[in-house]
Amino acid sequence: MVKQKNLVILGSTGSIGQQALEVVGEHPKEFSITALTCNTSWQKIVEQAKLFQPDYVWVQNKYIDETTEALSQSDTEVISGHQHLLDLATLDEADVILNSLVGYAGFEPTIEAIKADKTVALANKESLVVGGELINDLLGNNNARLIPVDSEHSAILQCLEGEDRDTMDKLIITASGGPFRTWTKQQMQDITVEDALDHPNWSMGAKITIDSATMMNKGLEIIEAYQLFDLPLSKIEAVVHPQSVIHSIVTFTDGSSKAQLGPPTMKVPILYALSYPDRLACEAPLLDWSQAFDLTFEPADTDRFPCLKLAIDAAKEGGLAPAILNAANEIAVHRFLNEEIAYIKIPTIIENCLNEISCATEISLDTLRNIDQQTRELALTL
């Protein structure tokens with residue numbers, strides 16, 4: 001019998017975290033919950049804790065009294081504070097750390113989990129965008145394992161099973177094109193928050209939905225693939241595929257290609273990451289091969305979606321540029337969601353930050369932390 005895996009879910013009340021708990025609920029013999037964390041949704045995490053009975057629940061300090069009171073009849077310990085969050089990523093009893101925190105907040109827990117030789121199911125792409133070089137150095141010196149949760153990178157990993165990675169020639173990362181795939185630059189002048197949150201295919205959190213609308217998400221995924229699969233940037237390409245059925249394609253040196261297909265659901269890549277290298281049954285939609293359907297592709301338009309080019313250029317520059325890109329984007333997206341700036345100003349703010357902040361510094365945890373703070377302060381003023 002396969003040993004039950006103990007899971008720590010960082011960000012359990014977000015979209016990925018909630019779907020991960022659905023997966024756990026479908027496989028109670030394979031998984032148990034050791035710890036859950038949330039940002040602001042303390043009522044939601046209380047519901048989750050009562051259902052899954054974790055040893056620990058982490059909440060922000062301002063919610064600890066309410067959460068503790070709500071869970072007073074359980075054996076769950078309620079904790080708070082940055083250090084305790086990092087401690088959860090290194091728990092001895094944890095087999096897999098699912099990091100579904102949003103943005104830079106997920107970076108340090110990833111680092112700590114790798115140092116503790118954990119298997120990290122990584123849904124926090126910003127970890128690799130900000131500090132991929134550091135993370136890969138740590139992976140080379142530790143017994144940790146990093147399994148991507150993003151559907152595109154999960155697809156690549158699945159295509160590479162049984163293959164010699166030296167035979168990879170190109171990675172094609174597919175993009176839905178988001179809600180504005182067919183909009184003109186003139187139409188984009190008047191995009192509202194409601195417009196941008198109306199994704200045609202995927203159900204995701206607000207930040208990643210806006211990143212999809214600007215195609216920054218695809219830029220971040222190119223950087224992530226670059227760090228995960230060790231191919232030159234020139235061999236990683238984003239292609240618009242409106243149906244979101246093919247999640248990524250790997251082309252090999254003999255000219256053949258492999259693709260991973262499925263309806264747009266995150267439950268499949270989440271389960272694959274948690275159960276890797278095994279496959280478990282998943283209660284998810286299936287493709288209906290008895291019905292005719294189209295699979296179409298078109299090039300990504302960096303003129304209408306400049307965030308994609310900004311991300312690729314930052315990756316080419318390397319060093320601290322991707323960290324600046326990420327921090328500026330997080331602030332710009334936050335300001336757009338708060339209706340402080342127009343949609344078309346998101347790439348402007350990012351570009352200005354990249355131009356104004358010096359990247360000429362050695363990469364370390366401290367320099368990344370400092371450049372992140374410096375960028376956020378600047379992005380708030382632009």
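Predicted model: local features only at pLDDT ≥ 70, side-chain atom pairs only at ≥ 80, totals over all residues.
1. Let's start with proline 299, which counts as exposed because its relative accessibility is 71%. Here exposed means over 50% relative accessible area, buried means under 20%, and partly exposed lies in between (1.4 Å probe, protein chains only). Proline 299 belongs to strand E12, residues 298-299.

2. Residues are numbered from 1 along each chain as its sequence is written, and side-chain values use heavy atoms, leaving out hydrogens and water.

3. Now the overall build. The protein chain has 15 helices and 12 strands; these are DSSP runs numbered from the N terminus, with helices (H or I) of at least four residues and strands (E) of at least two. Its radius of gyration is 20 Å, close to the 21 Å that the globule rule gives for 382 residues, so the chain is as compact as a globular protein of that length. That radius is taken over C-alpha atoms, and the rule is 2.2 Å times the number of residues to the power 0.38. Of the 382 residues, 54% count as buried.

4. Leaving aside residues up to four places away in sequence, serine 275 touches Lys5, Phe31 and Leu280, where contact means heavy atoms within 4.5 Å. Across the protein chain, among contacts with a separation of 6 or more, 68% come from residues 24 or more positions apart.

5. What about the cysteines? The structure holds 0 disulfides, a disulfide being a pair of cysteine sulfur atoms within 2.5 Å. For cysteine 307, the closest cysteine sulfur is in cysteine 353, 12 Å away, which is too far for a bond. Cysteine 307 counts as buried because its relative accessibility is 1%, and cysteine 38 counts as buried at 4%.

6. Finally, the annotation. An unreviewed UniProt entry lists residues 7-132 as "domain: 1-deoxy-D-xylulose 5-phosphate reductoisomerase N-terminal"; positions follow the numbering used here, feature names are shortened, and annotations may be inferred rather than shown by experiment. Over residues 7-132 the chain is 42% helix and 20% strand, with the end C-alpha atoms 24 Å apart.
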